[in-house]
Amino acid sequence: MSEVNRYHNIYERQRLIIEEKISKVLDDKKPDSLYGPGSYILQSGGKRLRPLLVLLSAKASGGKLSQVYNAALAVELLHNFTLVHDDIMDNADKRRGRLTIHKKYDVNTAILTGDSLLSIAYELLLKDCKQNTNLVLSSFNNSLIEVCEGQSLDKDFELRQEISIDEYYLMINKKTAALLSMCCNIGALLTGASKQVVNALSAFGQNIGMAFQIQDDMLDIIGGESFGKKIGGDLVEGKKTYLFIKALEKAKGDDQKKLRKMIKEKGIKPEEIDEYKKIYEKLGILDDARNEIKGFTKKALSKLNKLDKVEDRNTFIWLADSLIKRSK
């Protein structure tokens with residue numbers, strides 16, 4: 001078996017364990033009107049990247065996976081809480097190819113479902129807090145605050161004409177990267193890692209989170225349909241992604257006017273997507289995005305020299321590589 005297949009199998013084995021545990025996390029809870037929608041969103045699939053970062057960080061810190069399964073579930077519930085509320089704010093129809101909670105049920109049910117997921121996340125996290133409890137809870141809570149701040153910035157950007165790349169980076173650092181950083185942080189803290197290892201894994205998570213979000217922006221243009229998302233959906237919705245902001249910086253003449261039109265009209269028509277994609281290609285925006293993804297990934301990998309075991313370093317290297325090469 002090749003090294004790549006071996007690490008993939010490790011990841012997949014743990015993902016399946018997480019899937020099984022997630023499918024049971026709301027079992028026997030009543031009323032069904034609350035926990036039925038919760039089960040629906042939790043069973044809608046996904047990469048389960050966040051819980052797996054908790055597990056891999058615990059292992060890299062010399063701990064046992066059994067020490068952090070509840071914490072791994074907790075971060076996935078926290079993540080899904082944010083998705084439910086984001087979908088309400090964005091009035092999104094689909095999530096992972098399925099109806100969003102507020103479309104399948106109603107807005108009030110979705111709000112309550114999200115709140116219950118967050119509450120149960122704390123309950124699960126506390127089950128694994130045998131050491132560093134204050135630090136773990138602080139990390140978990142601070143990441144939630146940052147996600148809310150990031151979402152608020154994202155909504156602010158919708159109303160603004162000009163957004164700099166630095167402002168965009170601040171927003172995705174809070175909205176996406178902070179949560180991945182926290183997953184690595186608590187995985188290490190719960191298993192008693194040294195401060196050096198905790199900080200190194202946290203920085204890995206933060207930088208891989210930045211790369212992950214820019215990759216997500218790019219996939220909206222080059223691979224969106226492969227994961228139940230319409231190609232060019234961000235443009236149709238008028239979102240100011242890395243690609244759009246970078247294009248606005250570089251564009252001149254008619255291209256600049258075209259991009260400004262999207263801002264003015266708060267989105268484009270689906271039939272205009274190819275035209276905007278051609279502007280991105282002409283300006284080299286996709287290459288710019290790829291370079292930024294590689295840059296943040298390189299920063300993430302540079303933190304791994306604090307890990308003692310080669311196998312742990314290689315697992316994270318494989319994970320980073322698979323995230324860069326993903327098509328969904």
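This is a predicted model: local features need pLDDT of at least 70, side-chain atom pairs count only at pLDDT 80 or more; totals for chains, interfaces and linings use all residues.

1. Have a look at the second largest pocket, which has a volume of about 170 Å³. Its lining is made up of D90, K155, E158, L159, E237, G238, K239, K240, M262, I263 and K266. By class, these lining residues come out as seven charged, three nonpolar and one polar.

2. Which helices each supply at least two residues of that lining? They are helix 7 (133-158) and helix 12 (253-265).

3. On the backbone, the peptide bond from K30 to P31 deserves a look: this bond is cis, with omega near 5°. P31 sits in the loop that runs between helix 1 (3-24) and helix 2 (32-42).

4. N91 is a residue other than glycine with a positive phi, near 50°. You will find N91 in the loop between helix 4 (69-90) and strand 1 (94-95).

5. Where is N132 found? This residue belongs to the loop between helix 6 (107-127) and helix 7. Phi of N132 is also positive, near 55°, in a residue other than glycine. With a relative accessible area of 30%, N132 is therefore partly exposed.

Technical notes: Residues are numbered from 1 along each chain as its sequence is written. Side-chain values use heavy atoms; hydrogens and water are left out. On a 1 Å grid over the protein atoms alone, a cavity is a set of points where a 1.4 Å probe fits but cannot get out, and a pocket is an open set with protein on both sides within 12 Å along at least five of seven lines; lining residues have an atom within 4 Å of a point. Grid points are joined across faces, edges and corners, and a volume is the space filled by probe spheres set on the points. Helices (H or I, at least four residues) and strands (E, at least two) are DSSP runs, numbered from the N terminus. Ala, Val, Leu, Ile, Met, Phe, Trp, Tyr, Cys and Pro count as nonpolar, Asp, Glu, Lys and Arg as charged, and the others, Gly among them, as polar. Buried means under 20% relative accessible area, exposed over 50%, partly exposed in between (1.4 Å probe, protein chains only).
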